[in-house]
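Let's take a look at the salt bridges in this one. Have the structure open and follow along pair by pair.

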Amino acid sequence: MTGIDCRLVDAAGNVGLIGSEDDMLKLTQDMMIGHPIIDVDHKKLISIINQFLVTAKISETLEGEVDGQNEAAMHVTLKQLIVYTHEHFEREEKIQRECVYPYFDMHAREHRVLKAQLEEMASSYFITKSRKVNRQSLNEMGEFLRMWLFNHIMKFDMNYRDWVCPKGN
């Protein structure tokens with residue numbers, strides 16, 4: 001983000017850095033599954049989300065319409081997430097099958113829903129162009145990412161923790 005002032009002044013006049021440690025989402029202990037491969041994947045997801053949120057926050061502080069840089073950020077984020085979901089979900093489902101996770105079918109169905117949502121967003125923004133990238137779409141994407149992180153990881157993924165956690169953890 002060279003050349004962009006990443007300081008933000010809040011309503012109380014406090015100055016903070018956009019993308020500072022305080023603003024970043026983190027993989028906390030309560031979000032960890034306990035399986036090293038899955039936890040590393042989830043950390044990567046959080047990194048993708050943080051990159052997007054920093055870009056969206058910068059956009060929010062700038063005057064005027066969202067420019068091509070932010071459209072590019074949306075495009076890059078969606079591409080990264082589509083690749084991530086294919087790779088991560090494949091690894092996660094393989095581990096679940098190996099551990100004979102009893103709710104595998106339900107979990108795999110949730111994965112298919114998330115993949116379909118991402119592919120629909122990518123299509124509507126960049127193929128059919130039926131949706132425009134603007135502040136509202138950046139906010140909606142940010143909310144979608146937070147909901148994915150907390151609803152999917154904190155609910156669905158925590159349910160299989162006892163089945164996939166390596167013995168001794």
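Lys94 is partly exposed, at a relative accessible area of 46%. Keep in mind that this is a predicted model. The partner of Lys94 is Glu98: their side chains form a salt bridge, 2.8 Å from N to O.

Glu98 counts as exposed because its relative accessible area is 53%, and the cut-off for exposed is over 50%.

Asp41 and Arg91 meet through their side chains in a salt bridge of 3.0 Å, N to O.

Is Asp41 buried or exposed? Asp41 is buried, since its relative accessible area is 6% and buried means under 20%. Arg91, on the other hand, is partly exposed at 33% relative accessibility.

## Arg131 and Glu140

Further along, the side chains of Arg131 and Glu140 make a salt bridge too, at 2.4 Å from N to O. Arg131 comes out as partly exposed, with 31% relative accessibility. Glu140 is partly exposed as well, and its relative accessible area is 33%.

## The tally

How many salt bridges does the model have? The count is three. As a general point, side chains that carry opposite charges can pair when their charged atoms come close.

Technical notes: Residues numbered from 1 in each chain as written. Predicted model: local features only at pLDDT ≥ 70, side-chain atom pairs only at ≥ 80, totals over all residues. Heavy atoms only, no water. Salt bridge = Lys/Arg side-chain N within 4 Å of Asp/Glu carboxyl O. Buried < 20%, exposed > 50% of the residue type's maximum accessible area, 1.4 Å probe, protein only.
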